[in-house]
Amino acid sequence: MSISTTALDRRSAVKIAAAASLLAAGGACIFMVDAAHAEDEGRAEGGRETGPYAGRVGFLVKPHNCLNCQACVEACRKFNKTPESRPARRHITKYEKDGEALFVSTSCMHCEEPACASVCPAGAIKKAEDGVVYVDKDRCIGCKYCYQACPFGVPTYSSAAMDKCDCCTLGGTRPGNAPRCAEACKFGALHFGTVDELLAQCPDAKVVEASTKLSFYLA
């Protein structure tokens, strides 16, 4: 698969401005994944080839399918017990393309090199083997350095600790199973799985990478 790459380094990428530009270019599918293990192509494990995306999980967004029903946001809020007084971990952004309204559902980008983790003085932000970035709330000191470092403005805060998407794993969803947001989508606009599975749906993908090695894949 041929992938073209464009740098995206400024905080102007907040709220997925990159996705807007890609949609304007004619994309139909967006992958939001961490870029870990991209160097693993051809590595053998357990007697089989792992491939370049083995172990990576991510979200696939199909903006043309999204009706802005907010089911993914509400499912996220309910499962993670996020009160209405605080921002949900997931949100939907509206864009216009050729007079058509398009919607993109996003949350934490689960970057390969998460800036939030690199600046956390308490070591509260961790990265799992499958690429999911999560917060140890018992260690978080609420300094908000992670918010300042995140190019996408993802972290929010409660009185207890920083809060963001962890793909529902800390709430009890087993690794590899779909988080509540993807389960709630009834229109095929939001999918979760391994990158190999998602690329099977959009094999001709393009990618825009941020300095934190987030990837947006467009077909």
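Where is Gly 193 found? Gly 193 sits in strand S12, and I'll come back to it once we've had a look around.

Some ground rules before that. What we have here is a predicted model, where local features need pLDDT of at least 70, side-chain atom pairs count only at pLDDT 80 or more, and totals for chains, interfaces and linings use all residues. Residues are numbered from 1 along each chain as its sequence is written, and side-chain values use heavy atoms, with hydrogens and water left out.

Okay, the overall picture. The protein chain has 6 helices and 14 strands; these are DSSP runs numbered from the N terminus, H or I with at least four residues for helices, E with at least two for strands. Of its 219 residues, 50% count as buried. Buried means under 20% relative accessible area, exposed means over 50%, and partly exposed is in between, using a 1.4 Å probe and protein chains only. The accessible surface of the chain comes to about 10600 Å², and carbon and sulfur atoms hold 50% of that; the areas come from the Shrake-Rupley method with a 1.4 Å probe, and for residues only the protein chains shown count as cover. As for contacts, meaning heavy atoms within 4.5 Å, take those with a separation of 6 or more: 65% of them are between residues 24 or more positions apart.

Back to Gly 193, then. At 5% relative accessibility, Gly 193 counts as buried. Leaving aside neighbours within four places in sequence, Gly 193 is in contact with Arg 56, Val 57, Gly 58 and Leu 198. Its C-alpha is also 6.9 Å from that of Ala 178, 15 residues apart in sequence.

Next up, helix H2, residues 71-79. Which residues of H2 are buried? They are Cys 72, Val 73, Ala 75, Cys 76, Arg 77 and Phe 79.

Have a look at the loops on either side of H2. Most residues other than glycine have a negative phi. Gln 70, in the loop between strand S5 (57-61) and H2, has a positive phi of about 70° although it is not a glycine.

On to the strands S6 (residues 91-97) and S7 (residues 100-106), which run antiparallel and are joined by 7 bridges. Two strands pair if DSSP finds at least two bridges between them. Glu 96 stands opposite Ala 101 in S7. The hairpin has 2 residues between the strands, and there Asp 98 takes a positive phi near 55°.

Now for the holes. On a 1 Å grid over the protein atoms alone, a cavity is a set of points where a 1.4 Å probe fits but cannot get out, a pocket is an open set with protein on both sides within 12 Å along at least five of seven lines, and lining residues have an atom within 4 Å of a point. Points are joined across faces, edges and corners, and a volume is the space filled by probe spheres set on them.

How many cavities of 30 Å³ or more are there? The count comes to 6. The largest is about 110 Å³, and 17 residues line it, with Cys 66, Cys 69, Cys 72, Cys 185 and Ala 189 nearest its centre. H2 and S7 are the elements that give two or more residues to that lining, and S7 has the largest share, 3 residues.

The second largest cavity is about 100 Å³. Of its 15 lining residues, the closest to the centre are Cys 108, Cys 111, Pro 114, Cys 116 and Cys 150. Cys 111, from the loop between S7 and helix H3 (115-119), is buried, with a relative accessible area of 9%. Its C-alpha is 7.6 Å from that of Val 133, 22 residues apart along the chain.

Finally, the largest pocket, about 150 Å³. It has 15 lining residues, and Ala 88, His 91, Gly 153, Val 154 and Thr 156 are the closest to its centre.
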